[in-house]
Amino acid sequence: MFVVSVTLPRTRQFCHIIASFNFGRNWIPLWHSRIHFVFLCSYINTTTRKPKMVTGTPATMTNILGTTSEDVINIGKGHPHRSLLELESIKQAFILATHQQDADINMMQYGPGRGNASILKSIRENFHPNAVDNSIMVTTGSSHGLDLVACLFTKPGDVIYVDSPAYFLAFFTFRDHHLVVEDIPTGTHGMDVEILEKKLEHAKANNMKMPSMLYTVPIANNPCGTSMTTVGMQRLVELSRKYKFKIASDEVYRFLTFPASNLVAPPSLMEFDDPTNPTVFSLNSFSKLLGPGIRLGWIHSHPSHIQKIVDGGLVLSGGGCNPFTSEIVNQLLVTGEQQRIIANLRRVYEGNLKVMVDSIEEFLVPIINKYKKDYNIVESGKSVPLYSLPEGGYFLWIQLPDGLVDTWELNTMATEKFKVNFFPGAKFCSTGRGSRLDNGIRICFAFLTQEMIKEGVCRLSNAIQAAIDAKSSKM
């Protein structure tokens, strides 16, 4: 038996689902404060602008995540390589966790709203030593954290400013919450704070709708790999206070920066937050530090923000997130195994990146150099580099000269004829195809071996040359 009751308040769409499943005599009640079912999610408001969405993104999960056949080198896929998924470490941590005092309660019972005390203490000691009490809560990952923040700190029709190019799967979260996406260019130093400030000034001067939130990946950006400067971070947080918007700071790559020999992590945006006027949510995840299947992360923010999330329906109903996995991961933290794994990831990714850059210089740069005179490589009066050296993370962004090739069409041809697949730039734009990002390509140095990275870049370069030749033959 399945029973659903729905309440839709006048001011915003809000679904309350009460479900009961009958398994013999055992009834299990489940309820969640906000669940987005397609047949329930119809938000009607004629005064609200329609949110901009990725118009060119295919509907199938296969295409969204870049799944390809076995004979195709997928140089775009943003996953860690199988060899980096250290299951043996997880096994040992599980054994340790099950032998701790009250392990049955801590692992199998409903947990505290912010998460188990053990993992909160370890996250603070390992990643946020200056955090104040009650400023951290456990999530099931950074995407879950983003959804919680969007749910409780925005309302349908609100404007959200976003990196451009941006982490493309975040667009779906903004769509679910009926937010209006507006792009802010992101380049060699992360989000362009000067352009942001001008946009805010213009919006205010012209009585335009101001943003209630800004979303950015400030460190080792996805998809660019670049990071904001300390000055840029500080100015961004100052602007958030001045113009009264929150910042969802996706910091999943903060501890995967280069060079690997540098043991000091870059600052979080939280380090620039003002406790008397807090605006920042630092979203973090063990998906990048251990493996995506872990489904564990955390939010670091002002205690009042954390308490608002803890008091929300989802946490009140289900309790703290993932106490079972929390206790396992906690053992990795207290034994130092997690730090060893992070050090290895940084070393491997830095080595992979070197191979990727060397391959670009060997195979792609000579091709592009032949066409510099024929195509525009200047944007807003500034020379646009073919690529910027990533400062960490998983990804490198290639910006081909304007008009050289459409990378969406190139990807189809490259997959079919050259057996290489990447993520075209239009995926990372809120409006889809038809923007300056049509020339962009995201490739990943985390998923493939160094041999396959080199071969993938070689195939990609050959595909680009073929596309240029085909275009020239039609002129």
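Leaving aside neighbours within four places in sequence, which residues is L296 in contact with? Keep that in mind as you click around, and remember that this is a predicted model.

**Stop one: L296.** Select L296, which sits in the loop between β10 and β11. Its relative accessible area is 1%, so it counts as buried. Now show what surrounds it: beyond its sequence neighbours, L296 is in contact with V138, T139, T140 and G141, then S285, F286 and S287, and finally N322, T325, S326 and V329.

**Stop two: α11 and α4.** Two of those contacts, S326 and V329, also turn up on the α11 side of a helix pair. Select α4 (residues 117–127) and α11 (residues 323–334); their axes come within 9 Å and cross at roughly 35 degrees. The crossing is left-handed. To see who meets whom, show S118, I119, S122, I123, N126 and F127 in α4 against S326, E327, V329, N330, L333 and V334 in α11. By class, that contact has six nonpolar, five polar and one charged residues.

**Stop three: K288.** Go back to the loop between β10 (280–285) and β11 (297–301), and pick K288. Here's a lysine that is buried yet has no salt bridge. Which side chain of opposite charge is nearest to K288? That would be D250, 7.2 Å away. For the surroundings, show V252, Y253, L256, L345 and Y394, which K288 touches when residues up to four places away in sequence are not counted.

Note on methods: Residues numbered from 1 in each chain as written. Predicted model: local features only at pLDDT ≥ 70, side-chain atom pairs only at ≥ 80, totals over all residues. Heavy atoms only, no water. Helix = DSSP H or I, 4+ residues; strand = E, 2+ residues; numbered from the N terminus. Buried < 20%, exposed > 50% of the residue type's maximum accessible area, 1.4 Å probe, protein only. Lys, Arg positive; Asp, Glu negative; His and termini not counted. Salt bridge = Lys/Arg side-chain N within 4 Å of Asp/Glu carboxyl O. Contact = heavy atoms within 4.5 Å. Axes fitted to C-alpha atoms, helices over the stretch in contact; angles between N-to-C directions. Left-handed = near helix turned anticlockwise from the far one by under 90°. Nonpolar A, V, L, I, M, F, W, Y, C, P; charged D, E, K, R; others polar.
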